[in-house]
Amino acid sequence: MRPAARRIAATLPLLAALGPPLAAQETHLLVVSGLGGEPEYSERFVEWGLAMTEAAREAGVPEANVQFLAEDPGAAPGRIDGRSEREAVERAFAGLAADTAPDDRILVLLIGHGGGAGEDSRVSMPGRSLRASEYRELVGALAPRTVAVVNLASASGDFVPALSGEGRIVVTATRSSRQRNAALFGGYFVEAYGGADADTDRDGRISLLEAFEYARIETDRYYADRGLIASETALLEDRIEGRGEPEPGGDPGVGQLAARFFLESAVPAEIAGDDPSSERLRALYGEQARLEDEVARLRQAEGSMTAEAYRAALEALLVALAETGAEIRALEAEP
């Protein structure tokens, strides 16, 4: 590796600071809310889903990119797109596979009561519920898009090994299928996107990692303030390891993909319009986003590569990223 490339590689933990927070060309959100069983939970699950869809719209996600399926569409007329039956969920995934670009990002939010174990884990939906193994197939059809699956249900932990894979982020509200009490983590997770408290780096946007950390801390605080033993332990997985971490961020590789997953577009709002003079700059921001994604995905796959192949790939990406950033800065400096 050339000296210049070594210097660039040494800055890898700081890549997020080299430019605006990066996202894909477009973000798509699918919220699936299941059976409440009791009015209290049915209302809670719908509230969480509505809060997340509203946060996406506030972040600039196009209306057409937001879908919300729930137990009772009549609970919020005009704001819920259909009933969360198996067939509707499968159609929603098929639509995402057909109507999104390879560089788009997809966030799938599962809300409800969980059950089962291993690949049989599921979130209870009207009719026959989809199992974790079936969600794995649905998510697999979305490759090579970056996909985050956030399962806010109780007993959700076994979704981590079932869904882990390249270009994926998996979040669960519990460590395993044995944590069966109704989970509180989900309420704090969607709350994170509704304000500025979760924005720890003060860049004006909430990453998936920041939302996870906010929800984890607030959940721990809830149990500690009441002198209760926590009955849930959330996990985040984005390294293809299939085990998840309750406190990501310590290892340089854990949480890097999640730290780059934003709802917002990669292109700053002031150049996101149709002005022809900004066409090159918009293209460069898109390329910068793609390269940043490739760096994060490379870090995700480091363990499956030889050291030589990993260093060569990293060098090429970081040099290209530095060159793209330099061209962006030069164009933005022009009068």
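Strand S1, helix H2 (residues 39–58) and strand S2 together make a right-handed β-α-β unit; a crossover is called right-handed if, with the strands pointing away from the viewer, the path from the first strand over the helix to the second runs clockwise. Helices (H or I, at least four residues) and strands (E, at least two) are DSSP runs, numbered from the N terminus. The model is predicted, so local features need pLDDT of at least 70 and side-chain atom pairs count only at pLDDT 80 or more, while totals for chains, interfaces and linings use all residues. Residues are numbered from 1 along each chain as its sequence is written, and side-chain values use heavy atoms, with hydrogens and water left out.

## The sheet

Seven strands form an open sheet of mixed pairing, in the order S3-S2-S1-S4-S7-S8-S9. S3 and S9 stand at the edges with a single partner strand each, so one side of each is left without a neighbour in the sheet. Two strands are taken as paired if DSSP finds at least two bridges between them. Strands of a sheet pair through backbone hydrogen bonds, either parallel or antiparallel.

| Strands | Sense | Bridges |
|---|---|---|
| S1 (residues 27–33) and S2 | parallel | four |
| S2 and S3 (residues 82–83) | parallel | two |
| S7 and S8 | parallel | five |
| S8 and S9 | antiparallel | three |

Leucine 29 has valine 66 as its bridge partner in S2, and alanine 70 has arginine 83 as its bridge partner in S3.

Burial is defined by relative accessible area (buried under 20%, exposed over 50%, partly exposed in between; 1.4 Å probe, protein chains only). Four of the five residues of S2 (residues 66–70) are buried, so this strand is largely enclosed by the rest of the structure. Strand S8 (residues 168–172) is mostly covered, with five of its five residues buried. In a regular strand the side chains alternate between the two faces of the sheet. Both faces of S8 are covered, with Arg168, Val170 and Thr172 buried on one side and Ile169 and Val171 buried on the other.

## Backbone exceptions in the loops

Most residues other than glycine have a negative phi, and most peptide bonds are trans. Alanine 143 and proline 144 are joined by a cis peptide bond, with omega about 10 degrees. Proline 144 is located in the loop between helix H4 (132–140) and strand S7 (146–151).

Alanine 155, although not a glycine, has a positive phi of about 55 degrees. This alanine 155 belongs to the loop between S7 and helix H5 (159–163) and is buried, with a relative accessible area of 1%. Isoleucine 240 also has a positive phi, near 60 degrees. Isoleucine 240 lies in the loop between strand S9 (235–237) and helix H8 (256–259), and it counts as partly exposed at 37% relative accessibility.

## Contacts between separate parts of the chain

Proline 126 sits in the loop between strand S6 (122–123) and H4 and counts as buried at 5% relative accessibility. The C-alpha atoms of proline 126 and glutamate 71 are separated by 6.5 Å, although the two residues are 55 residues apart along the chain.

Alanine 101 is found in the loop between helix H3 (86–99) and strand S4 (105–111) and is partly exposed, with a relative accessible area of 33%. From C-alpha to C-alpha, alanine 101 and leucine 142 are 9.7 Å apart in space and 41 residues apart in sequence.

Rings of Phe, Tyr and Trp (its six-membered ring) are counted as a pair if their centres lie within 6.5 Å; planes under 30 degrees apart count as stacked, over 60 as edge-to-face and the rest as tilted. The whole structure holds eight aromatic pairs. Phe185, Phe189, Tyr193 and Phe212 are linked into a cluster by ring pairs.A cavity is a set of points on a 1 Å grid over the protein atoms alone where a 1.4 Å probe fits but cannot get out, and lining residues have an atom within 4 Å of a point. Grid points are joined across faces, edges and corners, and a volume is the space filled by probe spheres set on the points. The count is one cavity of 30 Å³ or more, and the largest cavity holds about 40 Å³ of space. Its lining consists of Arg44, Phe45, Trp48, Gly112, His113, Leu152, Ala153, Ser154, Ala182 and Ala183. These residues divide into six nonpolar, three polar and one charged (Ala, Val, Leu, Ile, Met, Phe, Trp, Tyr, Cys and Pro count as nonpolar, Asp, Glu, Lys and Arg as charged, and the others, Gly among them, as polar).

Notes
1 Å grid on protein atoms, 1.4 Å probe; cavity = no way out; pocket = protein on both sides within 12 Å on 5 of 7 lines; lining within 4 Å.
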